[in-house]
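Let's walk through a protein model together, one step at a time. Have the picture ready and follow along.

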Amino acid sequence: MHLYEYQAMAILNEYGIGSAKAVVVSSLDEVDCALRELGSSKLWVKAQVPTGERAKAGAVALASSSAEAKSLVEEMLHKVVVTEQTGKKGATAKRVLLAIAEQVESEFYLAATIDWHRRCSVLLFSAQGGTEVEKRSILKIDADFNRCLSGEKKALIARFMGWSGAIATAGEQIVTNLMRAFNECDASLIEINPLALSEDRLIALDAKMTIDENALFRQPRIANLCQEAHPSVEEAKARAINISYIPLEGTIGCIVNGAGLAMATVDMIKHYGGRAANFLDIGGGAIHTKIAESFTLLKSLPIRVVLLNIFGGITDCVALAKAVVESQPSTPLIIRMEGTNAKEGREILKKSDLTLLFTSSLAEAVKKAVAVESGYFS
Amino acid sequence: MAILVDHTTRVLIQGVGRAGIFHAEQCLNYGTKVVAGVTPKKKENLPFPLFTTVAEAKKATGCDTSLLFVPAPRAAEAILEAEAASISLIICITEGIPNQDMLRVHRVLKQSKTKLIGPNCPGVMAPGVAKLGIMPDYIYRPGCVGIVSRSGTLGYEAAWQITQLGLGQSTCVGIGGDPLIGTSFLEVIELFEADPQTEAILLVGEVGGEEEEIAAEWIREHSVKPVVAFIAGACSPIDRRMGHAGAMMSRGYGACREKIEALKEAGVLIAPTASDMGKRIKYAIERRS
């Protein structure tokens with residue numbers, strides 16, 4: 001789960017990593033008060049959207065007067081920001097951050113994250129922060145964030161970054177604080193880019209923080225922060241009951257158990273010339289609520305047919321079938337059901353008064369769904 | 001022969017809740033030697049003795065493999081307990097274990113002989129030999145295809161297609177859907193290559209990470225047996241939001257196309273859709289003979 005910049009900055013501040021003075025606004029009314037509080041007219045105006053590359057999209061701009069700052073906020077607030085990372089749909093800036101534009105002498109890059117392949121936590125450094133930093137020289141240090149860095153590693157970092165004296169001490173402290181923040185907040189990524197040298201201080205001028213969703217059960221405060229960052233009401237509701245749901249652009253609704261099978265189903269629909277209306281993985285467990293909620297979610301899409309593709313391992317097809325019947329979906333269903341109690345599950349569905357078509361293979365199910373979507377089948 | 005498990009495997013169930021009990025009984029019905037359960041609570045009428053610690057269970061029953069259903073908040077602790085008691089193989093079904101907990105597990109496993117499959121996996125199935133997991137057993141039959149899959153249900157789909165074509169499986173390993181899994185594609189493929197019962201290998205991958213690419217490199221240099229792959233997620237958007245850090249650490253964003261290219265270059269046959277997995281592996285076997 002990606003936090004907004006202003007949320008990440010607030011957390012870093014709590015962990016002793018400083019940033020430029022800033023105020024976040026969610027309406028134009030709040031701007032005057034924010035400007036007074038900041039007391040400076042040279043300000044960075046930044047749309048709060050959970051994506052990088054904001055500058056390219058015009059979602060970050062420098063204001064040199066209060067009037068300019070106000071007009072930039074008006075331009076950005078509640079507008080959609082589209083970047084390569086957000087995709088075509090983009091992300092709406094519900095808030096804009098106003099930050100004092102500090103004097104910057106140099107920019108560094110610092111991140112704490114996980115090297116997924118090597119299964120360990122790592123620190124990443126660059127002496128040249130800013131855009132396209134991955135093309136510069138990078139220092140990568142494996143570290144157990146529960147332990148202090150060795151003297152050797154600290155010296156290596158200082159040398160690499162060109163830090164000495166008081167700056168090296170400050171930098172070392174920031175790295176220590178970063179590791180602690182990462183651990184205590186169950187982060188998967190904390191990226192400070194740039195970490196700026198400004199008048200003998202090292203401060204974070206931008207921060208990205210991604211939280212491990214599997215850990216939200218033990219991070220109640222952060223879980224609340226994350227609530228706001230959901231792309232849509234439907235997706236938030238789905239996530240709350242452990243369904244993975246992503247609306248797409250077609251008219252074949254999908255309900256599948258298992259992310260791999262769900263993705264493969266969407267792929268196959270495209271392969272056979274159709275368009276999936278959504279990706280939906282109901283996962284295992286609590287089938288009744290999940291099935292009911294799945295059909296509710298699909299009601300919000302322009303669906304002509306629903307493809308129910310179930311291969312029950314941990315999932316009991318009988319429980320699932322009963323849940324489907326109870327949900328009383330009005331759209332025709334194409335059903336491919338295999339696995340635990342599949343035969344009994346199919347019997348229950350057959351006996352209901354729903355409009356159903358059973359298929360025995362995945363290919364057949366997808367082809368039939370595509371045929372119905374194109375109107376060749378009634 | 002089967003890899004990872006055989007008919008002598010003695011299984012311990014960690015996490016004897018409703019799911020643990022149900023699946024333990026299914027495994028027992030299949031013929032697996034489920035010999036013990038570990039739980040802090042007292043329970044009655046179970047078909048295997050219960051202990052409060054893994055060490056006690058091991059001492060009393062000689063169990064060597066754990067099938068773990070402990071809920072996510074305490075699952076990593078349970079894995080570490082089993083490792084400390086020298087359990088050789090831990091199969092973790094549990095999903096939702098926090099990354100940090102898994103990093104701690106990996107730090108220990110790096111210096112250990114214990115092997116971990118999963119977490120967030122359906123388990124290991126050696127048809128006709130042993131079932132250690134939650135898979136529906138009717139879809140399998142003993143045979144010569146080794147299946148290794150990240151996705152649980154897509155792995156079942158693969159097995160079912162193979163069974164329906166008159167072939168069978170040597171062992172099916174669900175390595176799990178999480179990023180910090182204990183055993184990679186590469187490690188399982190190495191085992192399949194060395195297994196006399198396995199004549200062909202089916203890799204079921206998906207978008208994200210670079211495990212398929214890493215396996216492809218090894219396959220290119222070392223594989224003797226035919227390998228077929230299906231990669232799910234051609235239409236799935238890749239998560240670019242790991243941004244610079246992600247780009248700094250991996251060769252790409254884990255896109256389907258990149259994985260398929262890497263596998264093709266390694267001589268792996270690609271199944272174009274999920275419904276072609278069985279057909280492709282049958283073709284690969286027939287082509288070879």
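Across the interface of chain B and chain A, how many residue pairs are in polar contact? The rule finds 18, both residues at pLDDT 80 or more; a polar contact is a pair of N or O atoms within 3.5 Å, where within protein one must be able to donate a hydrogen and the other to accept it, and residues adjacent in sequence count only if both atoms are side-chain atoms. This is a predicted model, where local features need pLDDT of at least 70, side-chain atom pairs count only at pLDDT 80 or more, and totals for chains, interfaces and linings use all residues. Residues are numbered from 1 along each chain as its sequence is written, chains are lettered from A and ligands numbered from 1 in the order in which they are written, and side-chain values use heavy atoms, leaving out hydrogens and water.

Stay at this interface for a moment. Here 50 residues of chain B are in contact with 60 residues of chain A (heavy atoms within 4.5 Å). There are also 4 salt bridges between the two chains (a side-chain nitrogen of Lys or Arg within 4 Å of a carboxyl oxygen of Asp or Glu). Asp144(A) forms a salt bridge with Arg107(B), with the closest N and O atoms 3.4 Å apart. On the side of chain B that touches chain A, helix 4 gives the most, with 6 residues (helices, H or I, have at least four residues and strands, E, at least two, as DSSP runs numbered from the N terminus).

Now look inside chain B, where 6 strands form an open sheet with parallel pairing, in the order 3-2-1-4-5-6 (two strands pair if DSSP finds at least two bridges between them). Its edge strands are strand 3 (50–51) and strand 6 (115–117) of chain B, each pairing on one side only.
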